[in-house]
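I opened a new notebook page for this structure. My plan is to look things up one at a time and write down what I find.

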Amino acid sequence: MGSVVLTRDEVKKVTDLRETIDAVKNVYKLKSEGKAVIWPLVNYEFVDEHAAMDIRSGYIKGEQLHGLKMLNNFPENREKGLPPFNGIMMVYDSNTGLPIGIMDASYVTCMRTGAAGALGVDLLARKDAKVLTILGAGKQAPFQIAATLTVRPEIEKVFVVDPLSMEAAEAFVQNIGELLRNDFDIDASKVEFKAANAEEAGRESDAIITVTPSRKPIIKKEWLKPGTHLSCLGSDMETKQEIESSISSDARIFTDDKAQCIRVGEIEIPIKEGVITEDDIAGEIGDVIAGTIEGRQNDEQITIYDATGLYILDLVTAKAAIMRAKEKGIGIEVDF
């Protein structure tokens with residue numbers, strides 16, 4: 001059986017958001033049950049180019065899949081008329097070691113990251129949460145909004161915060177309704193979208209999703225209401241931090257992978273500063289899904305989901321795309 005090769009546009013045609021959310025939720029559970037393995041993360045910063053690269057890999061015993069992806073983030077490509085965010089993914093059959101798919105990694109990454117942030121909200125935010133903030137108005141923001149509205153359709157208001165540019169946040173808000181309709185088939189006409197600064201959004205929010213590359217805390221503890229949930233996805237390299245360390249001190253904290261989050265996640269700096277210890281981590285998100293660890297314990301509790309990104313999420317998203325591509329005759333099938 002050959003391997004399917006898919007371009008970015010082809011991946012987009014064969015990837016479904018609801019299916020991705022369900023697959024991501026299931027693979028978190030498999031990890032909790034010891035049926036998935038995360039291999040060590042490799043990352044590198046190109047200082048002169050103001051760019052970064054990372055390699056993520058893993059194995060899902062429950063699906064008999066393994067593989068890797070290399071992602072490149074070269075923001076200055078915009079000035080060259082080139083895409084700033086790109087990568088390649090390779091998926092292998094763990095029964096034979098043969099490749100079953102090679103594809104653009106950027107769209108799959110955005111889809112599964114959106115699913116991860118939304119699942120943090122769905123599993124840990126208060127059941128009556130109505131106001132969401134997205135910190136970061138970049139490429140990832142629409143996926144976070146789309147996935148969160150899918151799992152929490154009762155959301156009534158979404159703040160969009162761009163720490164560097166209010167104009168960028170305002171432009172995003174103008175376009176998001178049409179984008180959600182065209183790219184995700186989501187009718188958000190009853191949702192209020194508002195560009196705001198971090199303090200205004202932080203004070204009103206029930207749930208906050210952070211997707212910036214910041215190395216300086218943006219969200220302050222004094223702004224947060226009791227019972228606020230934070231899904232922190234931007235901190236995926238050493239020294240990145242999006243929320244004040246003090247927020248962690250009396251929060252109930254969950255991770256996607258404990259060891260990786262301690263090394264490069266949002267909790268890296270609070271642990272190094274002694275604000276919290278490893279013992280303060282309640283568990284992994286898969287434990288909540290599996291029902292082995294309680295998530296939110298009361299409506300007053302601050303909850304944090306530290307998600308650094310796991311390649312096993314890409315694997316299950318890619319598998320679904322490969323299966324649909326074969327059904328529809330999309331892509332090129334090659335033998336190696």
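**Loops, sheet, helices and cores**

I began in a loop: H50 sits between β3 (42-46) and β4 (51-60). The model is a predicted one, and I keep that in mind throughout.

What is the phi of H50? I read a positive value of about 50°, although H50 is not a glycine. I noted the background: most residues other than glycine have a negative phi. Is H50 buried or exposed? Its relative accessibility is 53%, so H50 counts as exposed, the cut-off being over 50%.

D185 lies between α5 (166-184) and β10 (192-195). Its phi is near 55°, again positive in a residue other than glycine. D185 has a relative accessible area of 69%, so I put it down as exposed.

**The sheet**

Next I traced the strand order. I found an open sheet of eight strands, ordered β10-β9-β8-β11-β12-β15-β13-β14, with parallel pairing. Which strands stand at the edges? They are β10 and β14 (281-284). Each has a single partner strand, so one side of each is left without a neighbour in the sheet. From one strand to the next, the twist averages 20°.

Then I followed β8 to its partners. Five bridges join β8 to β9 (residues 157-161), and the two run parallel. Here I134 stands opposite V160 in β9. Four bridges join β8 to β11 (residues 207-210), also running parallel. There L132 stands opposite A207 in β11.

**Helices on the sheet**

I asked what α3 touches on the sheet. The helix packs against β11, β12 (229-232), β13 (252-255) and β15 (303-306). Its direction makes about 160° with that of β12. I also looked up α5, which lies across β9 and β10 and runs at about 160° to β10.

**A helix pair**

At what angle do α3 and α11 pack? I noted about 115° for α3 (residues 106-124) and α11 (residues 311-328), with the axes 9 Å apart. The crossing is right-handed. On the α3 side I listed V108, T109, R112 and A116. They meet L313, D314, T317 and A318 in α11. By class, this contact has four nonpolar, two polar and two charged residues.

**The cores**

In soluble globular proteins, nonpolar side chains tend to be buried together. The largest core here has 79 residues. Which members touch the most others? I found Y28, I145, L180 and F193. Helix α3 gives the most to this core, with 11 residues.

I took F193 for a contact list and left aside its neighbours within four places in sequence. F193 is in contact with I145, L149, V158, V173, I176, L180 and A188.

Terms used
Residues numbered from 1 in each chain as written. Predicted model: local features only at pLDDT ≥ 70, side-chain atom pairs only at ≥ 80, totals over all residues. Heavy atoms only, no water. Axes fitted to C-alpha atoms, helices over the stretch in contact; angles between N-to-C directions. Left-handed = near helix turned anticlockwise from the far one by under 90°. Contact = heavy atoms within 4.5 Å. Nonpolar A, V, L, I, M, F, W, Y, C, P; charged D, E, K, R; others polar. Core = buried A, V, L, I, M, F, W, Y, C linked by side-chain atoms within 4.5 Å. Buried < 20%, exposed > 50% of the residue type's maximum accessible area, 1.4 Å probe, protein only. Pairing = 2+ DSSP bridges.
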